[in-house]
Amino acid sequence: MKFNRLSTFTASIAMLLAASVTAVASDPLASWNDNTAKQSVMAFVERVTDEGSPEFVPVEERIATFDNDGTLWSEQPYYFQLAFALDRVKAMAPDHPEWKTQQPFKGVLEGDLKAVMAGGKKSLIEIVAATHAGMTADEFEQIVTDWISTAKHPKTGRLYKEMIYQPMLELLTYLRANGFKTFIVSGGGIEFMRPWTEATYGIPPEQVVGSSIKSRYEVRDGKPVIVRLPEIDFIDDKEGKPVGIHSHIGRRPILAAGNSDGDWQMLQYTTIGHSPSFGLIVHHTDGEREWAYDRESHIGQLDKALDDAKQKGWTVVDMKQDWKTIYPGE
């Protein structure tokens with residue numbers, strides 16, 4: 001009799017577990033609330049993958065592009081690659097005593113970000129040139145890998161690589177399960193992102209498009225290497241994003257996702273005069289679980305693209321209303 005009761009109990013637990021697994025499998029966007037944004041995404045994917053649909057798209061043409069900063073992971077209070085560059089300045093400072101009196105490096109070493117930002121784009125280019133160049137590509141990759149594995153956000157205490165959006169991870173997985181090829185198209189450095197995007201997002205390095213500095217081929221001690229130079233080669237932002245897509249991917253996306261006016265042109269390129277297509281904007285509206293910002297923000301300003309969204313039919317994701325959770329493990 002005890003055996004029968006135990007068997008019944010075990011069978012009941014097994015049925016509950018099976019039901020849970022089935023529920024998760026049946027809802028690939030489980031971290032999304034069942035609002036318009038989720039429904040719109042899934043309806044689009046169903047239309048373009050149904051061979052009987054007039055909007056069916058062959059697998060080889062199912063290209064989806066995603067901005068990174070503010071779209072796949074957080075970007076406040078400043079871009080995470082800037083945090084990497086600032087940490088590199090501090091690490092390299094013993095070999096550069098002149099930085100103690102030379103801006104913008106003086107501001108970095110003293111923790112005076114206002115002084116650093118006062119120099120605008122010129123200062124940021126100086127910092128990038130000093131911290132991202134003068135080494136081989138392999139050496140830089142190792143430096144990035146070590147940093148992304150240990151560096152933590154000053155406010156949340158999380159590793160930067162843990163501040164990725166669970167709902168967007170689910171969207172990437174859902175798209176790939178339906179024959180899409182997913183790309184990152186970001187204003188961030190291409191060689192800053194490539195060492196970790198595959199493990200983090202499932203996006204391999206050859207599917208990452210980003211800004212770059214110039215480089216050259218050399219043979220050092222009999223070994224062929226790529227050497228990074230302190231000169232900007234390409235800025236993959238705003239008008240640069242469609243150019244980067246054309247140069248690196250060679251196909252126009254049918255889905256593009258961004259969060260700021262820096263993605264405006266990519267959204268236009270993907271959707272205007274190109275059907276079927278889907279534009280998605282992540283709107284940062286959750287000041288409690290993440291940050292709330294848009295039109296007046298110094299980072300990830302969302303103004304023109306937000307105004308255009310309704311007219312162009314782009315789906316705006318309200319982070320506070322549309323996402324059950326923000327980061328994995330919450």
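Which residues does Tyr201 touch, not counting residues up to four places away in sequence? The views below start there.

**View 1. Tyr201 and its neighbours.** Leaving out residues up to four places away in sequence, Tyr201 touches Asn68, Leu72, Trp73, Ile164, Leu169, Leu172, Arg176, Ile184 and Trp196. Contact here means heavy atoms within 4.5 Å. Bear in mind that this is a predicted model, where local features need pLDDT of at least 70 and side-chain atom pairs count only at pLDDT 80 or more, while totals for chains, interfaces and linings use all residues. Residues are numbered from 1 along each chain as its sequence is written, and side-chain values use heavy atoms, with hydrogens and water left out.

**View 2. The largest nonpolar core.** A nonpolar core is a set of buried Ala, Val, Leu, Ile, Met, Phe, Trp, Tyr and Cys residues joined through side-chain atoms within 4.5 Å. Buried means under 20% relative accessible area, exposed over 50%, and partly exposed in between, using a 1.4 Å probe and protein chains only. This core has 66 residues, and Phe66, Met168, Leu171, Tyr201 and Leu280 touch the most other members. Helix H3 (residues 80-92) gives the most to this core, with eight residues. (Helices are DSSP runs of H or I with at least four residues, strands are runs of E with at least two, and both are numbered from the N terminus.) There's also a second, separate core of 17 residues, which includes Trp264, Met266, Ile281 and Leu306.

View 3. Rings in pairs. The structure holds 15 aromatic pairs. Rings of Phe, Tyr and Trp (its six-membered ring) pair if their centres lie within 6.5 Å; planes under 30 degrees apart count as stacked, over 60 as edge-to-face and the rest as tilted. Phe84 and Trp147 make an edge-to-face pair, because their ring centres are 5.4 Å apart and their planes sit at 75°. Tyr165 and Tyr327 form a stacked pair, 6.2 Å centre to centre with 20° between the planes. The largest pocket. On a 1 Å grid over the protein atoms alone, a pocket is an open set of points with protein on both sides within 12 Å along at least five of seven lines, a cavity is a set where a 1.4 Å probe fits but cannot get out, and lining residues have an atom within 4 Å of a point. The largest pocket holds about 1,400 Å³ of space (the space filled by probe spheres set on grid points, which are joined across faces, edges and corners). Its lining has 50 residues, with Tyr79, Leu124, Gly187, Ile235 and Asp237 nearest the centre. Helix H6 (120-132) supplies the largest share of that lining, six residues.

**View 4. The largest cavity.** About 30 Å³ of space lies inside this cavity. Asn68, Asp69, Trp73, Gln81, Gly188, Phe192 and Met193 line the cavity.
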